[in-house]
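Q: Could we go through the aromatic side chains in this one?

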Amino acid sequence: LQQHNTHLSKIIDALPLGTEADFSHFVERFYGKLAMDDLLALEPKKAIAIAKNAFEFIQERKSNTPKIRIFTPSKKQHGYEVKHLVLELINDDMPFLVDSLSMGLNRLGFTIYSTIHPILSVARDKNGKLSALGEKGEKKESLIHFEISSIPDGMSEQKFLEDIECILLNVRSGVNDWKNIIHKVNAAAELIKTYKRPKNDD
C-alpha cells in the first residue's frame, strides 16, 4: 500500500502548476485502486495524459445513457501512445459492470491488457454537463478504461459498439430485476413477521 501511495503521489506531484482541483482529485480517484503492477508500469507523464483524456471524455453525458468510445492513442492527438486499442465508457454505477464487460470482450475474441475502473461521485446539469466532482457529487458513475487487442477481422467498429451497448443494457435490466426481487423478498419477510398462527382448539 505504501509503495502504491508513493507512486500515486509522484503522479500527482508531476501535475503542472495551476492544475484545477477537480482534475487533481480526478487523477487521484482514477488511479487510486489500480493494481500495483499496472500503476508502477506508468511513468507520471503518461499517467497524466491518460487521465487527462478520460477527464475530458466524462465532461458531458446524457442522463441514464452510457457514453462509449474506442480509439488508438497517438502522441499528437492524445499526448501518449500505447500499442493497443482503448475502450472507454462512463455509465451509471451498478454491480457486475466490469465482470460482464470482461466476459463479453473475451467472448467476442478480445484480449484485455489492462483495466482502470474508478467510481466517481458526480453532479451534472440538465444538459449532462459535469458541474461537480468529489464530495459535492450527487450520483455515482463508473468510468471504465480498457486496453484491449484490435477489433477482430470481420467485425466493424459499429457492430463492436452495439455489442458493448447490449452488454450494458443487459446489466442494467438484470440489476433492476434483482432489486425488484430483493424488494419483494423483503416485503414477504415483513408479512411473515406479522402473521399470527391460528390457535389449535385441541
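A: What follows is a short talk through the ring contacts.

A: The model is predicted, so to speak of a local feature a pLDDT of at least 70 is needed, side-chain atom pairs count only at pLDDT 80 or more, and totals for chains, interfaces and linings use all residues. Residues are numbered from 1 along each chain as its sequence is written, and side-chain values use heavy atoms, with hydrogens and water left out.

Q: How many aromatic pairs are there by this rule?
A: The count is six, where rings of Phe, Tyr and Trp (its six-membered ring) pair if their centres lie within 6.5 Å, with planes under 30 degrees apart counting as stacked, over 60 as edge-to-face and the rest as tilted. Phe 23 and Phe 26 make a stacked pair, 6.4 Å centre to centre with 20° between the planes.

Q: Where do Phe 23 and Phe 26 lie?
A: Both are in helix α2 (residues 21–31), three residues apart, about one turn of the helix; helices here are DSSP runs of H or I with at least four residues, numbered from the N terminus.

Q: And Phe 26 with Phe 55, which kind of pair is that?
A: That pair is tilted, because the ring centres are 5.1 Å apart and the planes are at 50°. It links distant parts of the chain, Phe 26 in helix α2 and Phe 55 in helix α4 (residues 44–57), 29 residues apart.

Q: Is Phe 55 buried or exposed?
A: Phe 55 is buried, with a relative accessible area of 15%, buried meaning under 20%, exposed over 50% and partly exposed in between (1.4 Å probe, protein chains only).

Q: Which residues form the aromatic cluster?
A: Phe 23, Phe 26, Phe 30, Tyr 31 and Phe 55 form one cluster.

Definitions and conventions
Helices (H or I, at least four residues) and strands (E, at least two) are DSSP runs, numbered from the N terminus.
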